[in-house]
Amino acid sequence: MIDGGKRRAAARRLLLAAAVFAPALLLARPAQSQNTAPAGGPAWSQLSPQQREALAPLAGQWTTIPSENKRKWLDIADKYPQLSPEGKTRLQARMAEFARLTPEQRRTARENFQRAYELPRESRESAVEQYRLLPDDKKKELTERSQRKDAAKEAQKK
Amino acid sequence: MNQDEFGFRVRQALNDGAERLDYRTVLRLEQARRQALGRQRRAGPATVRLPALQLATAGAPPIDSGGGAWGWLRGAGLVAPLLALAVGFVAISHWQEELEIQRLAALDFAVLLDEGPLEAYADQGFGVLLQAEQRADR
């Protein structure tokens, strides 16, 4: 009886500790995954043949991709079979380059992509053409101007 | 002082008194309660109806033994609600994470299939050109 009571009390304490600390652990997890580069997720050998075929350009860098990003890539791999042969080629041609971008560059790419598609086709193509014709030093100047603007906005928020 | 007011004052005085009970009194009351419950169990399979808030402490060790800092939580019957809250919190957080991953996957899929140069998309400077086009369109 006494042992049973002690066991129940211990189990209760364990449950309580879990109840109190589980959310804290959960909150701590994203911070940890940002700090450590090669972060878990399924190994390349654990992927299905279809997933390996879709994500073939990432084979060499798969171990360095954080687990959240791996889940995103697996989601993309699921969409891959629905693509036309041209679509498959284009997706794979840009995949490795996209995965090599820094998280900040990927965020910028998503923002610019969304911004570009808010414009009419001609304006979008005009912006791309202007960018293509810009010399490298001018591109750098534009980037720095944008970064200064962002920094000023951040400073205003604080 | 009418009867209702008198009743209210008595209740208030009892509640105040209960809150100011010292540790030894609480301990003795708890031990007496356990002994009484033990005798009742030995006497026969009588049904004991307990208020919902006391279920968490029924059959548990007294508040001071082994409970430590958690004792008051058990006493208040907070174990189950806290656990449910934690499980709910974890589930919602996972669900939101999953939604965010799906959103990013859909967006990245579109970026990858697009014909626009990735180098431009990834450059904040290209964003400045897009904003200039946006202003020109208005």
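Start by selecting Ala109(A). Not counting residues up to four places away in sequence, Ala109(A) touches Leu101(A), Val111(B), Leu118(B), Tyr121(B) and Ala122(B), where a contact means C-beta atoms, placed from the backbone, within 7 Å. This is a predicted model, so local features need pLDDT of at least 70 and side-chain atom pairs count only at pLDDT 80 or more, while totals for chains, interfaces and linings use all residues. Residues are numbered from 1 along each chain as its sequence is written, and chains are lettered from A, with ligands numbered from 1, in the order in which they are written.

Buried means 20 or more other C-beta atoms within 10 Å of a residue's own, against 12 or fewer for exposed, with partly exposed in between.

Next, select H6(B). Which of its residues are buried? They are Gly125(B), Phe126(B), Gly127(B), Leu129(B), Leu130(B) and Glu133(B). Their cover includes H5, H6 and H7 of chain A together with helix H5 (118-121) of chain B.

H7(A) and H6(B), residues 124-137, pack at about 80 degrees with axes 7 Å apart; axes are lines fitted to C-alpha atoms, for helices over the stretch in contact, and angles run from 0 to 180 degrees between N-to-C directions. That makes the pair roughly perpendicular, the label for 65 to 115 degrees (under 35 is roughly parallel, over 145 roughly antiparallel, the rest oblique). On the H7(A) side, pick Lys139(A), Leu142(A), Thr143(A), Arg145(A), Ser146(A) and Gln147(A); on the H6(B) side, Gln124(B), Gly125(B), Gly127(B) and Val128(B). By class, that contact has two nonpolar, six polar and two charged residues. Ala, Val, Leu, Ile, Met, Phe, Trp, Tyr, Cys and Pro count as nonpolar, Asp, Glu, Lys and Arg as charged, and the others, Gly among them, as polar.

For another crossing, go to H4(A) (85-100) and H4(B) (79-113), whose axes come within 8 Å and cross at roughly 110 degrees. These two helices are therefore roughly perpendicular as well. Show Gly87(A), Arg90(A), Leu91(A), Arg94(A), Met95(A) and Phe98(A) against Asp108(B), Leu112(B) and Leu113(B). Here the count is five nonpolar, one polar and three charged.

Zoom out to the whole contact between the chains: 47 residues from chain A and 42 from chain B. Which helix of chain A gives the most? H1(A) does, with ten residues. The chain A side divides into 21 nonpolar, eleven polar and 15 charged residues.

Finish with chain A by itself. Chain A has seven helices and zero strands, and 13% of its 158 residues count as buried.

Conventions
Helices (H or I, at least four residues) and strands (E, at least two) are DSSP runs, numbered from the N terminus. Two residues are in contact if their C-beta atoms, placed from the backbone, lie within 7 Å.
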